[in-house]
Amino acid sequence: FETLLPDDPRVRKKPMFGHLAGFVNGNMFAGTFGEDLIVKLKPVERDELLSVEGAEPFCPGGRPMGGYVRLPREWRDEPDQLRAW
């Protein structure tokens, strides 16, 4: 996960949900949850990603977390694809 985060001094890594997450200005923009990778996106980008097979709304405990999408698990071995999101 850490190798996927932007190389930017504003990006901070800290625990969230018992896993690592990336933050900018105190706001989480990406993270891990179990073996899944999640990202927070603007509505247009979120809709675009959700149209990709394997992407799903992020719903910890069965409740959707606004703006967050679980990236397709099939992308785990595709770091460039993961970084793009």
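Arginine 70 is buried, its relative accessible area being 7% (buried is under 20%, exposed over 50% and partly exposed in between, with a 1.4 Å probe and protein chains only). The model is predicted: local features need pLDDT of at least 70, side-chain atom pairs count only at pLDDT 80 or more, and totals for chains, interfaces and linings use all residues. Residues are numbered from 1 along each chain as its sequence is written, and side-chain values use heavy atoms, with hydrogens and water left out.

Arginine 70 belongs to strand S6, residues 68-70 (strands are DSSP runs of E, at least two residues, numbered from the N terminus). Its side chain reaches the backbone oxygen of glycine 54 at 3.1 Å. Leaving aside neighbours within four places in sequence, the contacts of arginine 70 (heavy atoms within 4.5 Å) are Asp36, Leu37, Ile38, Gly54, Ala55, Glu56, Pro57 and Phe58.

The largest nonpolar core has eleven residues, among them Leu37, Val39, Ala55 and Val69. Such a core is a set of buried Ala, Val, Leu, Ile, Met, Phe, Trp, Tyr and Cys residues joined through side-chain atoms within 4.5 Å. A second, separate core of six residues includes Phe23, Ile38, Phe58 and Tyr68. The charged end of lysine 14 sits over the ring of phenylalanine 23, 4.5 Å from the ring centre (NZ of Lys or CZ of Arg within 6 Å of the centre and within 35 degrees of the ring normal).

The whole structure holds three aromatic pairs. Rings of Phe, Tyr and Trp (its six-membered ring) pair if their centres lie within 6.5 Å; planes under 30 degrees apart are stacked, over 60 edge-to-face and the rest tilted. Two of these pairs are listed here.

| Pair | Centre distance | Plane angle | Type |
|---|---|---|---|
| Phenylalanine 17 and phenylalanine 33 | 5.6 Å | 90 degrees | edge-to-face |
| Phenylalanine 33 and phenylalanine 58 | 5.2 Å | 75 degrees | edge-to-face |

Phenylalanine 17 lies in the loop between S1 and S2 and phenylalanine 33 in strand S3, so their pair ties together parts 16 residues apart in sequence. Phenylalanine 58 lies in the loop between strand S5 (56-57) and S6, so its pair with phenylalanine 33 ties together parts 25 residues apart in sequence. Phe17, Phe33 and Phe58 form one aromatic cluster. Within it, phenylalanine 58 is buried at 4% relative accessible area, phenylalanine 33 is partly exposed at 30% relative accessibility, and phenylalanine 17 is partly exposed at 35%.

Phenylalanine 17 has a phi near 60 degrees, a positive value in a residue other than glycine.

Terms used: Helix = DSSP H or I, 4+ residues; strand = E, 2+ residues; numbered from the N terminus. Polar contact = N/O pair within 3.5 Å; in protein donor to acceptor, adjacent residues only side chain to side chain.
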